[in-house]
Structure formats: structure tokens, C-alpha cells
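Have the structure open beside you as you read.

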Amino acid sequence: MSIDRYPEKQVRITGIGQSEVGRPSRRTALALTMDACLEAIAEAGLKPSDIDGITTYPGPIADPKGFSPVGATETMIALGLEPTWVGASAEGHAHMGAIFSAIQAIASGLCRHVLIFRTVAQASAAARSNQSAGQANLMGGNKGSARVGGGMAWSVPFNAISPITVNALYAQAYFDKYGATSAQLGAIAVNGRKMAALNPKAVFRDKPLTIEDYLASRLISTPLRLYDCDIPVDGSTAILLSHKDVAGDLAQPPIEIESMGMSLGGLGVGRHVGDFTSFPSDKAGEMLWSRTDLTPADVDVAQIYDGFSILTLLWLESMKLCGRGEAAAFVEGGTRIGLDGELPLNTSGGQLSAGRLHGYGHTYEACLQLWGRAGDRQVTDAKVCAVSNGGFGYGALLLKRG
Amino acid sequence: MTNGEARDGGTAPPPRAPIQFSRQLPEIEPETAFFWSAGAEGRLLISHCDACDYYIHPPLPRCPKCGTEAVAPKAVSGKGRVASYTINIQQWLPGMPTPFVFAAVELAEQRELYVLTNIEGCALDAVRIGMPVEVGFQQQEDVYLPIFHPAEATHVD
């Protein structure tokens, strides 16, 4: 199949929306969702009645509370949509799975305009239950006498009940193999905080962080520290995808989806491969670059997943934005990943400093950059943005100004 | 004073019981029961494909390499090396004993045959990637958790 017939080539991003981001917000999760969705629809110059597809990641989940409080069904009803196509799944390529499904639905002709959203309300859920930020995301251990089943049964009985403890295995092995240091890894957190100062919506916009602060912060699970962890927030992000044949008639210059890449690994079910210095995200990166004539040198700005800082290092290598084992040295000092550097990184502040909008903050920021609407943190003449999401399932997008 | 010890006089308030922390145990499921119970006999059992001599962990109903159902639990040596580790310092829940070492141990029988576990029986900061370890078992209810310790007789008081 020629490249121009790939499904992602039939689809454009035509609108984005984002609610207020709170720690916590006083608005309900459904209200935040509607704020984001209505903004995305209006930005495209459309009405809710024009929307014929809707999806979300991962769909409504009861536990942990606030992780995904709003599903596609109630959003459909709240917005008065009558979609032809609805899809949502917690399975698959994690955060971007919903975007990939929407691309396929549009390219196959099932629908023309798909609204995709991701809503989190973990800050208010934690506040209501007197939980710490770290407790808000536990994968087990907190169920009284009940036992743990499924994939988590391989780590939870050994008291690895927070995702950081599993991710720390990768950080330690990466440090050992490549001689990476905490001062190098800390550059991810410090860079995010610098960017956040320029983002009015970032929850940590007024809290400067130096590398000295980072190195003095408490260890959570060695070698990872407090500032290597992202921040639970309340907020909703919406992204509107449209078929290319109708995208040109809308209010925004359509953003092209140059290519997509996806893969899935076994981390969530206790199966690890390799030597703990790379992720199955490598396959997503390979797929991404196999579907485009562009090369990593063409990327002007990158929004790389930072649920934990170590994920950013591994993803930079999976995305071939750095060579194997070279990401830590690349980010050291922050110059190359700053706004004036060769690869401005996580320009919203990312999840570490803007808040855990759970992948969708990265895609939203990519669109702002490509539309030239990123304000004080705008990367000059940004034409191509690489985006990646995921720690257990993996998705990557290469977005291009049309 | 031991918690729950009888006290004279009866006027002082009873001591507050320390928060008891138990590991959250795995459900014993048909596919995994052998792994969690074989420690009663001091054995570590790992699912193994007899057709292509391949160990599978976590266990699966068919061999992912050859697709046959010739998979059955097989005793392994219980020896291996630390593939990676972390010292978890944050106390996630009240009473949780911290710090502790969480690790992936690569079993001696096969490359990349990893078991997630704790490393005990040595100083926390003595754990290194590549360190030889061997299995022991800790019983809690009907579960025998495989917990590894350094293979050499390096006792640390």
C-alpha cells in the first residue's frame, strides 16, 4: 500500500479543547469533560450535531477513584450527540489507543468527525479520601484482606504496589548499563518546571525547581525521587479528528497526522523482556518512522511521555530522537531540550509539572505548538512535532502543520 | 512492652495497637497455584514446555514458542542473579515495612527468565545488578512467597 493510502493520512486534527486544570478543581468531572469537548467542537467551527463519533481512554473505571471517572456514554448523552461510532477500551496501546481507533473509524468511512477525550479527577479523589498523591495511584495493597489477581499478582505481594517501584527497575538498570546519573535524569524534571513557568495552566507554574533542589529531594524508590513523579490533577482534554475531505472547510488549518506507531508489552502483567534498559515502545518508534519519509532530524519539538522521568529517557531512544544509551547525556544540563535548544521537550511542563492529563496533555500541547498558539513557550516556526504516550502500552504520533 | 500485654491497675488507657501490615497475597488461581504453593516443599516450580525445553513465567496455557500444550510445572534450582532492583523507601501504606528491596531475578535456567521478588538477608545497599541469589520461602496463610537472598554465605548482622 502506498503511504498516501495509510489510514492516518486520511485524517486531520481539526480542534482541541481543554478544561481548567485543578489540584483540585471545584468543577465535576463531567463538567470538565463537557468544557473540553465543547471547546474542541467550537474551535473547529462545528456544532455537537456534526459529531458522528466519540471515544475516550480508558472508559469509566471505578478504582482507583478519579483515574477515569467519565465514560463515552454519559458524555454522549450530556452533549446530546448521536454518534454512528463509539469506541473505548482500557486495553491496547494505552492512552493513544483511542486516537488510533478513531483514525481507523474515520479512514474506513464509519464517521467523519470523532471527538476523543481523556478526563482525570485524581486530585479531588485523593483530597476526598485523605490520600497522598502517591497513594492515589496504587495498584494494590490497599484492599484489606482481599487478594490480588491478574497481572498485578506478580508484583503486589512483594509490596511493589506503586507503579514507580516497577519503573525503578528500569531506571536502575539503565543507570548501571550506561553510567547515567541522577543529575542527568533530573534534567527532565528541571526542564519541565522551566516550561511550566511559561504555561498559565500548569499546576506548578509558580514553583521553580533547580537541579540542586532535585538532587536534595527525597528518594521514593531508588534511583527515582519525588520530582521524578508526575502530579495527579483534575482536568479534561479533548481532541477532534476529522476526515481530510471535510477538514479543509473547518475553522482551523488542519494538522496532518504524518504517521503513527503502536506497540504493547507485558509490563502490566508481570512479563519483562530484554535487560530492563528499554521498553517495548521501541516497536512503536520503529513503526512510526516506517510510515513516513520524514526522519528524526525533521522534528522541531517533542512531547514525550513523562509519567515518570525515566519513561522520557527510554521513549527518547524508542523514538530515535537519541541513540541507544545516549538520552541521559543528551538531556543533561537542559540546554539541548530547552526552548532554544535543538529539541525543545515537553513544552507545556509535561505531566511532571503541568499535571497528569494522562497523555492527552502532550497531544494538546503538540497542536498548540503547530498552530503557533503556545504563547511564551512557542517554539519558533514549529512544523513537525513528535508525541509519545505510555508506560505499559505504547503510542506515538508524528504531527505536521498542514 | 508487648502489645496486648495485661496491665495492672486498669486506669491507664490500653496501648494503641501497632498497625498490622500484611502483604496483599495473590489469588490462588488454577494456572498459578503451583507457583505459590510449591514452597511448602521448599521447591520453586516454573512452567516449562517439554516440547521445546522452554521456561515460561508468568505461566501460560500454551507454549508461546511452539504453541503446544505440553507445558507443566518443573522444579528449578532456585538460583539466579539480580537483573535489576530498587530500594523502595516510600511507605505507601500505614505499617508497611520500609525500606525494602524489590527486584527482578533472572533464573539460572534460562536467559530473561525473570521472577519479580524481594531480596532479603543482606544490607539494602549491598544489592547489586548481577549479584548471585537463591530462593527461600516465606509463608503467609496458604501462600509461600519466593523471596531471594544472596547465594554466598555473606551473613550481615
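The largest nonpolar core has 156 residues, and L115(A) and I239(A) have the most contacts inside it. Such a core is a set of buried Ala, Val, Leu, Ile, Met, Phe, Trp, Tyr and Cys residues joined through C-beta atoms within 7 Å. Nine residues of this core, the largest share, come from helix α5 of chain A, residues 163-178. Leaving aside residues up to four places away in sequence, L115(A) touches C37(A), A40(A), I41(A), I51(A), I54(A), A238(A) and L240(A); contact here requires C-beta atoms, placed from the backbone, within 7 Å.

A word on the ground rules: this is a predicted model, in which local features need pLDDT of at least 70 and side-chain atom pairs count only at pLDDT 80 or more, while totals for chains, interfaces and linings use all residues. Residues are numbered from 1 along each chain as its sequence is written, with chains lettered from A and ligands numbered from 1 in the order in which they are written.

Stepping back to chain A as a whole, you will find 13 helices and eleven strands (DSSP runs numbered from the N terminus: H or I of at least four residues for helices, E of at least two for strands). Chain A has a radius of gyration of 20 Å, close to the 21 Å that the globule rule gives for 402 residues, so it is as compact as a globular protein of that length. That radius is taken over C-alpha atoms, and the rule is 2.2 Å times the number of residues to the power 0.38. Of the 402 residues of chain A, 59% count as buried, meaning that 20 or more other C-beta atoms lie within 10 Å of their own C-beta, placed from the backbone.

Now look at strand β11(A), residues 393-401, where seven of the nine residues are buried. Strand β8(A), residues 255-264, runs antiparallel to β11(A) and is joined to it by nine bridges; pairing takes at least two bridges found by DSSP. Across that pair, Y394(A) stands opposite S263(A). β11(A) also pairs in the antiparallel sense with β10(A), residues 384-389, over six bridges, and there L397(A) is the bridge partner of V387(A). Three residues lie between the strands of this hairpin, where G390(A) takes a positive phi near 120°.

Finally, turn to the meeting of the chains: 37 residues of chain A are in contact with 28 residues of chain B. Helix α5(A) gives the most to chain A's side, with six residues.

Methods: Buried ≥ 20, exposed ≤ 12 C-beta atoms within 10 Å, placed from the backbone. Contact = placed C-beta atoms within 7 Å.
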